[in-house]
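Work through the exercises below with the sequence and the model side by side. Each task is followed by a solution in steps.

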Amino acid sequence: MSKSHSTLRSFCSKVSHITPLTRCQSYLSAKTAIGAGVAWAVAQVVEPHGRPYFAPIAVVIIVQPTISDSLSRAFQRVIGVILGVATALVVSHFLGPSAWSIGVIVFAGLLLGRTFRLGSQGVTQFCVTALLVFLLGRVTPGYGGERIVETGVGAAVAVLVVLLIPSAPTLEVVLSEALAPLFHCSDTLRSIGEGVGQAWTRDQAVAWRQEARGLMEEIDAARDSQERHQLNARWNLRAHDEQAVLNRSEEALRVGERIAIYARSIARALMDGSADAQPMPGVSAVLVGTALATDAYVAWVTSGGDSSQIRLLSETIRSISDTFDAIAYCPQQWEIDATSWLMFGTILSMNHWILTELGQASRGHGTAAS
């Protein structure tokens, strides 16, 4: 009884945490449902005496949030069905239904699917279709041809649905995905800057380097997402107004990638020079100021090129440039140590390139940041 009560409480807890569907999810569900109904109706016209179950099933499987994913699934499913039917017809001439023949069918499907470089969707469809046609085709004449027709109808309807009423992420989502690495870069620079302003250790330097390495992984994920948005916009007939936002997000991603590379070099230099770690208040001020400049750049991109934001970015960069002169005397208190000088020089050089990158990205869009 206690186990039943525990299961019931667990179920109620999950139900209480159910969140309402988003607008995109509701839109995708409605679009898929309409496509499934249309596919059934069209397939019945093509095959008046048939039961075209696989036409609506194809729509449900193919329709995805993005056009590119939907087209890929449509291609994979149609090719998988055609190859599966062909394989089943060939094997059925030599073998009857048995454990051995089923194993042969599955092995041939997996092997040929990967030979033709089909994705997981295509390989799975290859094997499933081959098994169904091999086992049911003996008692249902023309079953293989019906599977091809039904799948073709479903795929065609699904493609028309996603092309005529495409789903697309909001412009805010596109920008936020591209700007996420820049937010992380700013946090990393600020964390390093606040740390080196006082006594810091090698353990801190190792943590900074690990954090900086994570920047590149985030950049790669954001770039994959950006490429999907670009591909989706290419097929989306309603996406002509989105190109300006896609261009801005692409530029922000490029800037973020450069800053991530420079931040990683700064973290590596600090780890190499951590044996003689000393507080660097001047360097701290520069790094924290650069984080503020990165935030200002993000605000400018988000605003769509607001002149007040570009002025803020310009002023922030100028104030950091004044700090460079002040910290030129900082290393003179150190003993002559090549590693310390190399660390110091690397940090300043990389920080200079970050500021240059931010200035160049904004130059030509209002007040030039130098």
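**Exercise 1. How many salt bridges does the count come to by the rule that a side-chain nitrogen of Lys or Arg lies within 4 Å of a carboxyl oxygen of Asp or Glu?**

Solution. Before counting, note the basis: this is a predicted model, in which local features need pLDDT of at least 70, side-chain atom pairs count only at pLDDT 80 or more, and totals for chains, interfaces and linings use all residues. Residues are numbered from 1 along each chain as its sequence is written, and side-chain values use heavy atoms, with hydrogens and water left out.

Step 1. By the rule, the count comes to eight salt bridges.
Step 2. As background, side chains of opposite charge can pair when their charged atoms come close.

**Exercise 2. Describe the overall make-up of the protein.**

Solution. Step 1. Helices (H or I, at least four residues) and strands (E, at least two) are DSSP runs, numbered from the N terminus. The protein has 13 helices and zero strands.
Step 2. Buried means under 20% relative accessible area, exposed over 50%, and partly exposed in between (1.4 Å probe, protein chains only). Of the 370 residues, 42% count as buried.
Step 3. Accessible areas come from the Shrake-Rupley method with a 1.4 Å probe, and for residues only the protein chains shown count as cover. The protein exposes about 19300 Å², and carbon and sulfur atoms supply 62% of it.

**Exercise 3. Trace the salt bridges of Arg 223.**

Solution. Step 1. The side chain of Arg 223 meets that of Glu 250 in a salt bridge (3.4 Å, N to O). This pair links distant parts of the chain, with Glu 250 in helix H10 (residues 243-272) and Arg 223 in helix H9, 27 residues apart.
Step 2. The side chains of Arg 223 and Glu 257 also meet in a salt bridge (3.1 Å, N to O). Here too distant parts of the chain are linked: Arg 223 is in helix H9 and Glu 257 in helix H10, 34 residues apart.
Step 3. Arg 223 counts as partly exposed because its relative accessibility is 22%. Glu 250, at 29%, counts as partly exposed, and so does Glu 257, at 26%.

**Exercise 4. Explain how Arg 190 and Asp 187 are placed along their helix.**

Solution. Step 1. Their side chains meet in a salt bridge (3.7 Å, N to O).
Step 2. The two are three residues apart in helix H8 (residues 171-196), so about one helical turn separates them.
Step 3. With a relative accessible area of 43%, Asp 187 is partly exposed.

**Exercise 5. Is Thr 316 buried or exposed, and which residues does Thr 316 touch?**

Solution. Step 1. Thr 316 is found in helix H12 (residues 307-326).
Step 2. Thr 316 counts as buried because its relative accessibility is 14%.
Step 3. Contact means heavy atoms within 4.5 Å. Not counting residues up to four places away in sequence, Thr 316 touches Gly 289, Leu 292 and Ala 293.
Step 4. Thr 316 and Leu 292 are 24 residues apart in sequence, and their C-alpha atoms are 7.3 Å apart in space.

**Exercise 6. Examine the backbone at Arg 117.**

Solution. Step 1. Arg 117 lies in the loop between helix H5 (99-115) and helix H6 (120-136).
Step 2. Most residues other than glycine have a negative phi. Phi of Arg 117 is near 60 degrees, a positive value.
Step 3. Arg 117 has a relative accessible area of 77%, and therefore is exposed.
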